[in-house]
Amino acid sequence: MLDLVAPVQGRVAFYDLSRKQESFADAVVRGLSCKPKRIPSHFLYDAQGSALFDRICDLPEYYPTRTEMKILADHAAEITRHIGPEATLIELGSGSSVKVRLLLDAMTAPSAYVPIDVSGEHLLAAAEALAADYPRLAVAAICADYSDTFPLPETPGRGRQVAFFPGSTIGNLEPADAEPFLAGWARSGVDMVVGVDLVKSRDILEPAYDDAQGVTAAFSLNLLARANRELGADFDLSAFAHRSRWNEARSRIEIGIQSLKAQTVRVAGRSVHFAAGERIETERSYKYPVASFQAMARRAGYRPEAVWVDPNQLFSVHYLKAGPV
Ligand code: AVI
């Protein structure tokens, strides 16, 4: 269990575990000396990045958010029957805590909500807004990378503990990491409601990750802007471009930042050389057919109890049951 001396801000107990993560400076210095260059995707979500991601979710090309919301809204009664009364919802990568309201509104006497996110300010603001709207709910926010291992705070209520992992964020994990990640939650006896993007045609997938308004490009390039802000780097953002492509063989969208010319950049007191056309890999977004995701969940120790898919077969929401059959 987490130390309960965490500061309580208003109605929200706030646990800051962010110091335990690799710092942005260390990740950038290490990642830019790798071949290929690579920066872990969770560093995209500083305050600016989180705000840009919220805008991505509203883009016409980015179908996952509205499709998943519709699935959650249409099937809330059924999903929350699986969750049961007096449950604690633990949201992994909670962002603005918008989707969870669809479940909370349909749940019977939800006891507690535990949002987990890397972006501390955004997390606290979202948790406080939610606590104000749900006065009977205990809210304990954890600033951490949801894929790290840490104890959960003690929460009231006699119902199940259920992890809510929407948005197909599980697709941002390598499959080799996604399975042990699921296994960790299954072993803790925590059920899971997880949103998983489905495999579909390139014509739908590629625009979703390279929209006409350039919001996704701004989201990617914010990583370099963040390095300028926080690490005193001198990236010229006009000399780099957002790139994304669907890799059908690997069932993933590959996102990166490409150097438009040969150039040397100062980052955290070091010189980093970029060849013309060289990329920094920033994100991968895996897509899973229903059957292969369920097979992975079974290998991880979960029992896939139900799955809901929209009529256009764009997106899936799974209920995974932990514990013995
Ligand atoms: C957060 N995650 C599920 C998004 C995705 O679709 O992989 C991140 C994203 N990156 C660019 N657009 C969306």
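Strand 14 (residues 303-309) and strand 15 (residues 315-321) of this predicted model form an antiparallel pair over 6 bridges; strands are DSSP runs of E with at least two residues, numbered from the N terminus, and two of them pair if DSSP finds at least two bridges between them. Within this pair, Arg-303 lies opposite Lys-321 of strand 15. The hairpin has 5 residues between the strands, and Gln-313 adopts a positive phi near 55° there.

In the model, local features need pLDDT of at least 70 and side-chain atom pairs count only at pLDDT 80 or more, whereas totals for chains, interfaces and linings use all residues. Residues are numbered from 1 along each chain as its sequence is written, and side-chain values use heavy atoms, without hydrogens and water.

Glu-68 belongs to helix 3 (residues 63-74), helices being DSSP runs of H or I with at least four residues. Glu-68 counts as buried because its relative accessibility is 1%, the limit for buried being under 20% relative accessible area with a 1.4 Å probe and protein chains only. The C-alpha atoms of Glu-68 and Val-309 are 8.7 Å apart, with 241 residues separating the two along the chain. The side chain of Glu-68 reaches the backbone nitrogen of Gly-167 at 2.8 Å.

The ligand is surrounded by 13 residues, the closest being Tyr-62, Asn-172, Tyr-209, Glu-283 and Ser-285. A ligand nitrogen lies 2.8 Å from a side-chain N or O atom of Asn-172. For Glu-283, the corresponding distance from a ligand nitrogen is 3.0 Å. An oxygen atom of the ligand is 2.6 Å from a side-chain N or O atom of Ser-285.

Technical notes:
Buried < 20%, exposed > 50% of the residue type's maximum accessible area, 1.4 Å probe, protein only. Polar contact = N/O pair within 3.5 Å; in protein donor to acceptor, adjacent residues only side chain to side chain. Near = heavy atom within 4 Å.
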